[in-house]
Amino acid sequence: MADKEKEKETTTPETVLILQGGGSLGAYECGVWKTLAKHNIKFEIIAGTSIGAINAAIIAAHKGSNNSEVDNEDSAKMLENFWLELAENITPTLPLPQQFSSTYSTDEMTAVFASMYSAIYGNPKAFFPKWIVSSFFNYFFQPFKPLPYPLFDITPLKKTLSRYVDFDILKTSKNRPRLIVTCTDIQTSNPVIYDSKNVDINAENVVASAGFPFYGISWTQQNNKYLWDGALLSNTPLREIVFASPTLDKIVYLVNIFPHYQKELPQDIFEAWHRARDIIYCDKTDSSIHLSRIISRYLMLLKEMHELLATMMTTKLNDSTSLAENHDKQQQLKTRFDKMEIEYNKLVSFRGAVIRKIIRIERQEKTPFLFEDADFSVSTIKKLITQGEEDMEKALMENTPSRLEDQNKY
């Protein structure tokens, strides 16, 4: 009975939520979580990079009345309040004059004005424009001097995050999801992974994942390392999840902020940059999943061979040989088998998890715009939240009842 229980335990998959980076587009992930929370879907691991790491931290370590586990209602409310606090009300949403309506949409113009506002003034709850204070007079007299780096200080985001998150909960509660956030080491180009199972994650670790250099946002110094956005290496940290938790298979919910498919071809340089940006940061984990399944098949074959050898070890050798020769051969085989057993157990234990099922939630764009991920206007934030809610509902409908059957089965 104990062996059966052990076998069942080792084959029970973890349910994982992966949240990508994407600036203000992270509000879409807020909508996704609102729907997941409404359906009371539980996760063993919540992982993210960049703004996805911020969202993941609020979900996994949100402040609330129940510290023992994720309270879905509290976490959804906390995450939405966080995004509404980041949203700015300065950018107006105005109908366009008739002569411009055929060329520009209202959403596109809102994104233009909102991103321009962010580029100049930053966001008081997320990033502060250092360059205005420190360099205005220098650049007035030296207009051709390159812009300094960093342009923005990310300290306000750390302060805002601390109002919604209690990282001590991750240390004291065994029922909270495991939080994994990813960063990039500037000097070595290596990933830096903060995993609540192994380290005490704090606001500094999470904010380090959101230092996006292309927008001039500052790096974070941690333990003699200088860290940038985790999306520079991988905007979909599925591989990092597999390596961090290699012994259990996975059922993965993956939020893809950047669209895979766009029918229209770019018509100008900004549209070309926009589409290239989408391609760089969209989910590209299909090859990893395919490789995971191939490895699983190899391991199943190896397991059968291992069981066959183990069976052979228990059978008697040829009775025609002498008892002494029989004993010596058995000892030699046992020595060789014991060495193989050690290597076999290592390989099986650290084989890398198999992705049993993946549910993708894909954001689609009605109005592509290069700097849409810098649009923090309140109208856009609310639209993104609603879009995320609706898309998650559709994804659940497409994966039900098979998804529910999977949950009951495991």
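The model is predicted. Its protein chain has 16 helices and 10 strands. Of the 410 residues, 45% are buried.

**The chain as a whole**

- The accessible surface of the protein chain is about 22600 Å².
- Carbon and sulfur atoms account for 58% of that surface.

**The cavity**

- The largest cavity holds about 30 Å³ of space.
- Its lining is made of Thr182, Cys183, Pro191, Gly230, Leu233, Ser234 and Glu240.
- Sorted by class, that lining has three nonpolar residues, three polar residues and one charged residue.

**Ser218, a buried loop residue**

- Look for Ser218 in the loop between α10 (203-208) and β7 (220-222).
- Ser218 counts as buried because its relative accessibility is 9%, and the cut-off for buried is under 20%.
- The side chain of Ser218 reaches the backbone nitrogen of Ile154 at 3.5 Å.
- Beyond its neighbours within four places in sequence, Ser218 is in contact with Tyr149, Pro150, Phe152, Asp153, Ile154 and Gly211.

- Asp249 sits in the loop between α11 (238-244) and β9 (250-256).
- With a relative accessibility of 10%, Asp249 also counts as buried.
- Its side chain makes a polar contact of 3.1 Å with the side chain of Arg356.

**Two asparagines with positive phi**

- Asn40 is not a glycine, yet its phi is positive, at about 55°.
- Asn40 lies in the loop between α2 (26-38) and β2 (45-49).
- Asn40 counts as partly exposed because its relative accessibility is 45%, and partly exposed residues fall between the buried limit of 20% and the exposed limit of 50%.
- Asn223 has a positive phi too, near 50°, and is likewise a residue other than glycine.
- Asn223 belongs to the loop between β7 and β8 (225-229).
- Asn223 is exposed, because its relative accessible area is 67% and exposed means over 50%.

Definitions and conventions: Residues numbered from 1 in each chain as written. Predicted model: local features only at pLDDT ≥ 70, side-chain atom pairs only at ≥ 80, totals over all residues. Heavy atoms only, no water. Helix = DSSP H or I, 4+ residues; strand = E, 2+ residues; numbered from the N terminus. Buried < 20%, exposed > 50% of the residue type's maximum accessible area, 1.4 Å probe, protein only. Areas by Shrake-Rupley, 256 points an atom, 1.4 Å probe, with all protein chains shown as cover. 1 Å grid on protein atoms, 1.4 Å probe; cavity = no way out; pocket = protein on both sides within 12 Å on 5 of 7 lines; lining within 4 Å. Points joined across faces, edges and corners; volume = space filled by probe spheres on them. Nonpolar A, V, L, I, M, F, W, Y, C, P; charged D, E, K, R; others polar. Polar contact = N/O pair within 3.5 Å; in protein donor to acceptor, adjacent residues only side chain to side chain. Contact = heavy atoms within 4.5 Å.
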